[in-house]
Amino acid sequence: MASYIARRLGLAVLVMLTISFLSFLMLKMSGDLAISMAGEGSGADYVEFLRKTYGWDKPLITQYWDWLVKALQGDIGTSFYYGSPVMTLIVERMPATLALGAMAIVMALCTAIPLGMAAGRYPGRLIDKVALLVALLGVSTPIFWLSFLLILVLGLQFAVLPISGGGSFRHLIMPAMALAFYSMPAIIRISRAGMIEVMRSDYIRTARAKGLRPHRIYLGHALRNTLVPVVAVASVQFGFLLGGSVVVENIFAIHGIGYLTWEAINQNDYPVVQAALLAVSAAYVVLTLLADIVNMMIDPRIRLD
Amino acid sequence: MVNPLMRGVLAIVAAGLVLLPVTALAGKDDDTLVAAFQAKLPSLDRYHAPGREGFLLGLLAYDALVYRDPNTFELKPLLATAWRQVDEKTWEFDLRSGVKFHNGDPMTAEDVAYSLSYAADPVNKVFNRMTGGWIERVDVVDPLKVRVVGKQVTPLALEYLLQLPIEPKAYREAVGIQGFAEKPVGTGPYKISGGSGNDVIFTRNDDYFEGGGKSKPAIKTLVYRAIPDVNTQVAELIGGGIDWAYYIPVDQAGKLKMMPMVDVINAETFRIGFLTLDAAGLSSPDSPLKDLRVRQAIAHAIDRDALAKTLVGGASKPIASACTPSQFGCIADVTQYGYDVEKAKALMAQAGFADGFDIDIYGYRSRPVAEAIIGYLNAIGIRANLHWMQYSAVIQQRRDHKTPIVIDDFGSAGINDVGAILPFFFAESPDDQSRDPAVTAAIREAGSTADPEQRKALYAKALKRIADEAYWTPMFSMPVNYVMSKDVTVPVPADENVEFWRATWK
């Protein structure tokens, strides 16, 4: 177990290094920070001055190395665009993203689990087809399109929810719905499969034979056993939501990490992009690892090695 | 343990409880104007807030020595009541007495010297190097008089100075640059009174001085709200969540015009669209663009009227000269290249390219405009291969001599003088694609001449030559759409510098 976790963590570090290197390279190739910082109409000598001051005239690999060495010492740098420490920006923006992600995952679980279980209880029947349709729509609907549809219907037509901003709980409902819809398919599928499996099991047959009422069978026995793998999937989905919030946070103007990342990409503000990507990929790596461990604890038959 | 299903039901009920009608946050009732912008202000210190939003911040919370009328472009007194040129390089300013910063400190010559010297020092990396880089030093003559000494003759000195805010020396030094950015203090018509998340809140400065080009605001509170997605901005305008937005694309503006709750106004900016052509053969020694006839063919191949009318839209006008029509020194009386495909084809044939050629074209702004241009070029046999990148990447490619054609635009950094655009694109600058000694000489001489008439004549000479040689393909002006609630009147400027202090409720 300990060696497994150590190996997984080692792998996670490699994954994060690769992510940070690739993102650094892509960002450097996509635009020139010195030119955007100098401002329209600024002379080339000033652009050159900025490059020298910040060390952007050095080879890319050297620049990356300098960044990495500092990052490993805990200094993830200062935003070129905002002028404030990246850590301050991340800490300031993280709560909104976490709140949005948490709300989305709760919404997704509350709708997807009952739907998936009902589908698994009655495979091939109408409810199963509805669940499959929802899952299909969830994977195939572009998230920005759904977001604008929500704005149109709930924000304008019925005017029951604020359209943008992040001042209150109510502001998070629409973006959370959009994100929830996006993560529902996986949860529907896993709870449907779990339900089918559970319903075939001996203890359900025993429960039926004992003459238990159907709701005791489903809620008391089947639900709890179906939920086990769902927990693992949900934690991975939560990681996805943190990454997927870039689009949603921009549309709904939520003051979170996703919005920050988008701004930083536009400005070629690489210390911020690097930090935001690392934060999201670290969350994802940790969640995946936790999911594996939870899985193993739930079902000792799963051999991690 | 609470049953998970029950918990789900509870969550849904809780969600239902919050589905109560939304109260309007923007509007007349609480004397609060909410204006939406695509970009957040990176800093509340104007010296570290670039771009057009930084310009607005500078006008709202700060004052400069001089003020430029956003419609007539006339220069008027602001923190300076009068100014004069002492010699070719030295400007003297009489400062207004009795002006107070938002924290109560009086504004003096020391603050002016401090602020302008801050802008002049490259180490400080202020919003735009051009505006402060020309300053050699600032001399305090007495508490209400300063002299600004240029490194060389600087005909655009006043146009630069109107962008440089005067900040309080004592306070800024006490709290530090970072501290100042968080709690900034200026002399402007609005105080920055707070903000969180996407909002910056501006409150009327009730002690704002009279007699300058700016005035005490009519509306008490102005909220600067960042909403990055323009579709969301449009939804908020319709829903009444915001009162004002600009840079609304032409298709969206068309739909908004039919809405009863908003007014749509289209107004000019300094920004113009054009093609830069590698006439000097920097990208390749045998570039077809070295041939004058090919450049003329390109100029004839583009239907500027159609581009301006259908793709840019609104008040957009075709332009023939390499400058913004309102700029000092800009002349439209140059060689004209009307839309004439047959003539363009004939010129191509004369140049030996009857079968056309392949070429790389770079762009970053509007995809539809880029596609249209490629279509026009294709009609005369030029097969353009589009490279779509970010602005800074395209500019770097051009400076590295890799771009035969760039679909470019330029806003002259808000400066109403061709001295902001011509030296950037000609006169042996890194973006000069023609390298014509005659053009270079005229522009350089104009840049070091103080006499306005002489400058005009020199720039006219340069612009005529640029048109004769078709070094550029000027295309159109780029106006923007302002959308505002029917409840409010926000005067629309001709230079994007919206004066919110003049806004009034109807």
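Helices (H or I, at least four residues) and strands (E, at least two) are taken as DSSP runs and numbered from the N terminus. The structure is a predicted model, in which local features require pLDDT of at least 70, side-chain atom pairs count only at pLDDT 80 or more, and totals for chains, interfaces and linings use all residues. Residues are numbered from 1 along each chain as its sequence is written, while chains are lettered from A and ligands numbered from 1 in the order in which they are written.

B:His48 lies in the loop between β1 and α2 of chain B. A residue is termed buried if 20 or more other C-beta atoms lie within 10 Å of its own, exposed if 12 or fewer, and partly exposed in between, with C-beta atoms placed from the backbone. B:His48 is buried because 21 other C-beta atoms lie within 10 Å. Contacts are assigned where the C-beta atoms of two residues, placed from the backbone, lie within 7 Å. When residues up to four places away in sequence are not counted, B:His48 touches A:Gly83 as well as B:Pro42, B:Ser43, B:Val126, B:Phe127 and B:Ala181. The C-alpha atom of B:His48 is separated by 21 Å from that of B:Met107, 59 residues apart along the chain.

Chain A contains 12 helices and 0 strands. Of its 305 residues, 44% count as buried, and the C-alpha atoms of chain A fill a box of roughly 85 × 55 × 30 Å along the principal axes. Helix α7 (residues 143-157) of chain A packs against helix α7 (residues 230-239) of chain B at an angle of about 10°, with the axes 11 Å apart. The two helices are therefore roughly parallel, a class comprising angles under 35 degrees. In this contact, A:Phe148, A:Ile151, A:Gly155 and A:Leu156 meet B:Asn231, B:Thr232, B:Ala235, B:Ile238 and B:Gly239.

The buried residues of helix α11 (residues 341-350) of chain B are B:Ala344, B:Leu347 and B:Met348. They span an arc of only 100° around the axis, which puts them on the same side of α11(B); the arc is that of the directions from the helix axis to the C-beta atoms. Helix α9 (292-301) of chain B is included in what covers these residues of α11(B). Just after α11(B), B:Gly352 adopts a positive phi of about 90°.

Terms used:
Axes fitted to C-alpha atoms, helices over the stretch in contact; angles between N-to-C directions. Parallel < 35°, antiparallel > 145°, perpendicular 65-115°, else oblique.
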